[in-house]
Amino acid sequence: MRIGQRVGVAWLGNTCGGCSFCRNGEENLCDQPQFTGYTRDGGFATHVVADADYAFALDELADPVALAPLLCAGLIGWRSLKKAGDGMRIGLYGFGAAAHIITQVCVWQGRDVYAFSRAGDDTARRFALSLGAVWAGGSDERPPVMLDAAIIFAPVGALVPAALKAVRKGGRVVCGGIHMSDIPEMPYALIWGERSVVSVANLTRGDAEEFFPVARQAGVKTHTTGYSLADANRALDDLRTGRLSGAAVLTP
Ligand SMILES: [Zn+2]
């Protein structure tokens with residue numbers, strides 16, 4: 001890394017390097033991690049101090065606002081997609097920042113994306129189809145085929161049984177969020193047939209090394225809505241109520 005180089009800082013701010021997880025290549029599960037904007041300052045800020053080892057080189061020519069969502073939604077989406085496995089039919093529940101990036105990666109990989117959004121959210125549905133999803137519907141609907149895997153980006157526990165119903169035997173449901181409302185009680189039959197449910201926690205630096213070249217090769221174009229730093233609360237409110245498509249980006 002050199003002085004003046006453009007870098008990005010992600011959620012994973014530091015890891016201990018010594019715990020069993022760090023030593024086994026699972027630094028995302030580190031026992032003593034630091035997270036940007038959570039356990040250390042940064043994130044919603046004009047300036048930030050970061051560890052060079054945890055900063056990622058970014059394309060010097062690209063629009064920084066377009067790059068920003070890759071560092072959060074893109075990385076967690078990429079890790080979720082890896083957990084989903086190699087299946088061709090991928091369901092995405094919650095069509096926000098992460099899903100709009102991962103749809104473009106899946107299409108580039110030759111996979112079929114089935115997009116699920118809030119019932120009646122025609123804007124999200126049209127957005128998904130415009131990015132190459134083969135099908136888009138409400139999260140209360142069943143897709144026209146059984147899925148190999150589904151990734152849930154919305155923090156809604158009720159989507160777990162819904163996604164299990166849509167996934168074939170041996171398929172996997174990946175929960176990509178840090179928080180989720182309670183998963184309702186469900187019949188064992190939904191998980192029978194070697195279906196599995198797994199969560200995704202944080203990211204490793206290896207995820208970033210893999211993902212940025214993939215995003216570039218796939219020609220991922222992020223759709224962003226810009227807000228000034230002073231309008232951060234309005235951005236969060238728009239996110240909660242589903243008023244924005246793609247990713248919200250704060251600029252100082
Ligand atoms: Zn550790």
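Visitor: What should I know about the numbering and the confidence limits before we start?

Guide: Residues are numbered from 1 along each chain as its sequence is written. The model is predicted, so local features need pLDDT of at least 70 and side-chain atom pairs count only at pLDDT 80 or more, while totals for chains, interfaces and linings use all residues.

Visitor: How do you know that the radius of gyration of the protein agrees with that of a compact globule?

Guide: The radius is taken over C-alpha atoms, and the globule rule is 2.2 Å times the number of residues to the power 0.38. For 252 residues a compact globule would have a radius near 18 Å, and the protein has 18 Å, so the two agree. Along the principal axes, the C-alpha atoms fill a box of roughly 55 × 40 × 35 Å.

Visitor: What makes up the secondary structure of the protein?

Guide: There are 8 helices and 12 strands, where helices (H or I, at least four residues) and strands (E, at least two) are DSSP runs numbered from the N terminus. Counting two residues as in contact if their C-beta atoms, placed from the backbone, lie within 7 Å, residues 24 or more positions apart account for 60% of the contacts with a separation of 6 or more.

Visitor: Why is α3 called oblique to α4?

Guide: The axes of α3 (residues 73–84) and α4 (residues 97–108) come within 8 Å and cross at roughly 60 degrees; such axes are lines fitted to C-alpha atoms, for helices over the stretch in contact, with angles running from 0 to 180 degrees between N-to-C directions. Angles under 35 degrees count as roughly parallel, over 145 as roughly antiparallel, 65 to 115 as roughly perpendicular and the rest as oblique, which is why α3 is oblique to α4. The contact is made by Ala73, Gly74, Ile76, Gly77 and Leu81 of α3 together with Ala97, Ala98, Ile101, Ile102 and Val105 of α4.

Visitor: What kinds of residue make the contact of α3 with α4?

Guide: They divide into 8 nonpolar, 2 polar and no charged, where Ala, Val, Leu, Ile, Met, Phe, Trp, Tyr, Cys and Pro count as nonpolar, Asp, Glu, Lys and Arg as charged, and the others, Gly among them, as polar.

Visitor: Why are α3 and α7 called roughly perpendicular?

Guide: Their axes are 10 Å apart and the helices pack at an angle of about 105 degrees, and therefore α3 and α7 are roughly perpendicular to each other. Gly74, Leu75, Trp78 and Arg79 of α3 meet Asp207, Ala208, Phe211 and Ala215 of α7, a set that divides into 5 nonpolar, 1 polar and 2 charged.

Visitor: Glu194 and Asn202 both have a positive phi; what makes each of them buried or exposed?

Guide: A residue is buried if 20 or more other C-beta atoms lie within 10 Å of its own, exposed if 12 or fewer, and partly exposed in between, with C-beta atoms placed from the backbone. Glu194, in the loop between β9 (167–175) and β10 (196–199), has 9 C-beta neighbours inside 10 Å and therefore counts as exposed. Asn202, in the loop between β10 and α7 (205–217), has 20 such neighbours and so counts as buried. Phi is about 60 degrees in Glu194, which is not a glycine, and near 60 degrees in Asn202, again a residue other than glycine.

Visitor: Why is Thr251 called partly exposed?

Guide: Thr251 has 13 other C-beta atoms within 10 Å and is therefore partly exposed. It is placed in strand β12 (residues 247–251), and, not counting residues up to four places away in sequence, Thr251 touches Val65, Gly226, Ser228 and Leu229.

Visitor: How do you know that Arg125 is buried or exposed?

Guide: Arg125, in helix α5 (residues 122–130), has 20 C-beta neighbours inside 10 Å and so counts as buried. Beyond residues up to four places away in sequence, Arg125 touches Ser117 and Ala136.

Visitor: What makes α6 a mostly covered helix?

Guide: In α6 (residues 159–166), 6 of the 8 residues are buried, namely Leu159, Val160, Ala162, Ala163, Leu164 and Ala166. These buried residues pack against β5 (89–93), β8 (147–152), β9 and β10. Across the protein, 38% of the 252 residues count as buried.
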